[in-house]
Amino acid sequence: MTTHVTIIGAGLGGLTLARVLHVHGIPATVYEAESSPAARAQGGMLDIHDHNGRAALQAAGLIEEFRGLVLDGRQASRAIAPDGTVLLDEPDDGTGGRPEVMRGELRRMLLDSLPAGTVRWGHKVSGVRTLGDGRHEVTFADGTTVATGLLVGADGAWSRVRPLLSDATPEYAGLSFVETYLFDADTRHPAGAKTVGGGAMYALAPGKSILAHRESGGTLHTYVVLRRPLDWFAAIDLTDPTAAIARIAREFDGWAPELTTLITGADTAPVLRPVHTLPGGHRWDRVPGVTLLGDAAHLMPPSGEGANLAMYDGAELGAALAAHPGDAEDAFTEYERALFPRSAAEAAEAVRLHELMFGDGAPHGLIAMFTGEQ
Ligand SMILES: Cc1cc2nc3c(=O)[nH]c(=O)nc-3n(C[C@H](O)[C@H](O)[C@H](O)COP(=O)(O)OP(=O)(O)OC[C@H]3O[C@@H](n4cnc5c(N)ncnc54)[C@H](O)[C@@H]3O)c2cc1C
């Protein structure tokens with residue numbers, strides 16, 4: 001017997017779960033707050049790792065489609081000192097094993113792989129409550145409700161489903177990313193484009209960094225990372241992009257112009273992304289009829305793993321439900337038994353990586369990691 005699964009959130013995790021369930025003939029509905037697939041830009045490039053992201057796509061039966069999305073040559077890495085000196089330059093020689101794809105294209109691929117109508121757009125969950133007997137009622141912002149016997153919270157950092165399982169809430173990790181884009185950079189910002197090179201560029205110093213990625217079509221995607229309290233960022237008026245960019249760039253006075261141009265040359269208004277995390281080792285006691293995956297379960301500092309892990313969680317949960325037809329509690333128990341230690345280990349590694357990249361030892365920790373000394 002297969003029971004219908006209700007998934008909250010059409011991010012990469014929720015969609016992978018829906019797809020793996022579909023592969024096994026298990027029906028699911030995904031309720032998503034955004035009004036349509038195009039409602040929001042989906043962010044930058046993701047490198048997909050063999051042991052989690054790629055394994056999930058394999059389970060989803062989408063490896064061929066995925067290969068068609070890979071951007072060649074984007075696995076190159078460079079580390080640049082604030083004065084512009086090249087500290088490390090690793091070209092993409094085709095052996096990296098971490099293929100890069102655009103997040104939006106990956107999401108589109110997953111959406112296209114689902115039966116029409118699986119995702120219900122414009123359904124923002126405002127609350128959930130227990131009905132007893134393992135059933136839950138989900139309430140949407142427009143006041144409508146659905147009742148379900150199998151509920152999965154794949155609704156990211158600020159999950160509305162998580163309170164059914166845990167009191168944990170994300171806390172500010174002490175640093176924020178500020179995101180900008182430069183378009184047609186080889187022509188319009190040649191020095192910046194050359195400095196970024198063919199893939200990822202890291203210019204790190206204690207407490208402040210400029211990271212950039214070459215995306216498709218000559219687009220450079222810049223992340224400025226600053227270790228500052230939230231009220232420091234609140235004092236910057238992001239509704240005045242020119243002044244905001246100038247204020248952020250001031251933190252990099254004295255840095256080489258080919259680096260600061262990645263901030264001052266921005267073609268888009270800066271977007272602030274404060275980094276929040278759940279406590280490392282976040283877990284919960286089994287509650288009948290409901291579980292979590294992805295950021296809702298284990299929000300950690302960005303370490304290049306979050307999307308990979310969310311997809312892997314989705315694939316693992318889908319496989320567990322398929323392996324225990326008619327006994328979702330066994331499936332949830334099996335899934336969570338592996339999820340908790342896996343997430344705890346990944347969260348600890350993400351914290352270590354963040355310290356190497358953005359802590360007081362930057363940039364030497366990262367370089368040691370690249371050269372295999374860490
Ligand atoms: C700056 C930055 C850079 C990153 N870079 C990388 C990287 O290079 N590689 C990598 O693997 N990871 C990266 N990550 C992490 C990655 O983005 C996340 O871990 C991943 O997106 C989690 O996927 P998810 O499906 O769990 O949640 P999400 O992607 O957050 O999806 C949740 C979905 O639920 C929806 N939703 C939320 N609330 C509700 C509601 N109330 N009702 C209905 N729907 C709702 C949202 O609209 C969204 O579509 C990065 C994160 C940040 C902040």
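**Strand pairing, helix packing and the ligand shell**

Gly127 has Thr139 of strand S9 as its bridge partner. The structure is a predicted model, in which local features require a pLDDT of at least 70 and side-chain atom pairs count only at pLDDT 80 or more, whereas totals for chains, interfaces and linings use all residues. Residues are numbered from 1 along each chain as its sequence is written. Strand S8 (residues 125-132) pairs with S9 (residues 135-140) in the antiparallel sense over six bridges; strands count as paired if DSSP finds at least two bridges between them. Helices (H or I, at least four residues) and strands (E, at least two) are DSSP runs numbered from the N terminus. S8 and S9 form a hairpin with two residues between them, and Asp133 in the turn has a positive phi of about 55°.

An open sheet of mixed pairing is formed by seven strands in the order S5-S4-S13-S14-S15-S12-S16. Strands S5 (86-90) and S16 (271-277) stand at its edges; each has a single partner strand, so one side of each lacks a neighbour in the sheet. On average, neighbouring strands of this sheet are turned by 20° against each other, direction ignored. S12 (residues 171-182) and S15 (residues 220-226) run antiparallel and are joined by seven bridges, with Leu226 in S15 as the bridge partner of Ser176.

Helices H11 (residues 306-323) and H12 (residues 328-358) pack with their axes 8 Å apart, at an angle of about 155°. Axes are lines fitted to C-alpha atoms, for helices over the stretch in contact, and angles run from 0 to 180 degrees between N-to-C directions. H11 is therefore roughly antiparallel to H12 (angle over 145 degrees). The contact (C-beta atoms, placed from the backbone, within 7 Å) involves Leu309, Asp313, Glu316, Leu317, Ala320, Leu321 and Ala323 of H11, and Ala328, Ala331, Glu334, Tyr335, Ala338, Leu339 and Glu346 of H12. These residues comprise 10 nonpolar, no polar and four charged. Ala, Val, Leu, Ile, Met, Phe, Trp, Tyr, Cys and Pro count as nonpolar, Asp, Glu, Lys and Arg as charged, and the others, Gly among them, as polar.

The ligand is surrounded by 30 residues, the closest being Gly9, Gly11, Gly156, Gly294 and Gly306; a residue is included if its C-beta atom, placed from the backbone, lies within 6 Å. Helix H1 (12-23), helix H10 (295-298) and H11 each give two or more residues to this shell. H11 provides the largest share, four residues. By class, the shell has 13 nonpolar, nine polar and eight charged residues.

Notes: Parallel < 35°, antiparallel > 145°, perpendicular 65-115°, else oblique. Contact = placed C-beta atoms within 7 Å.
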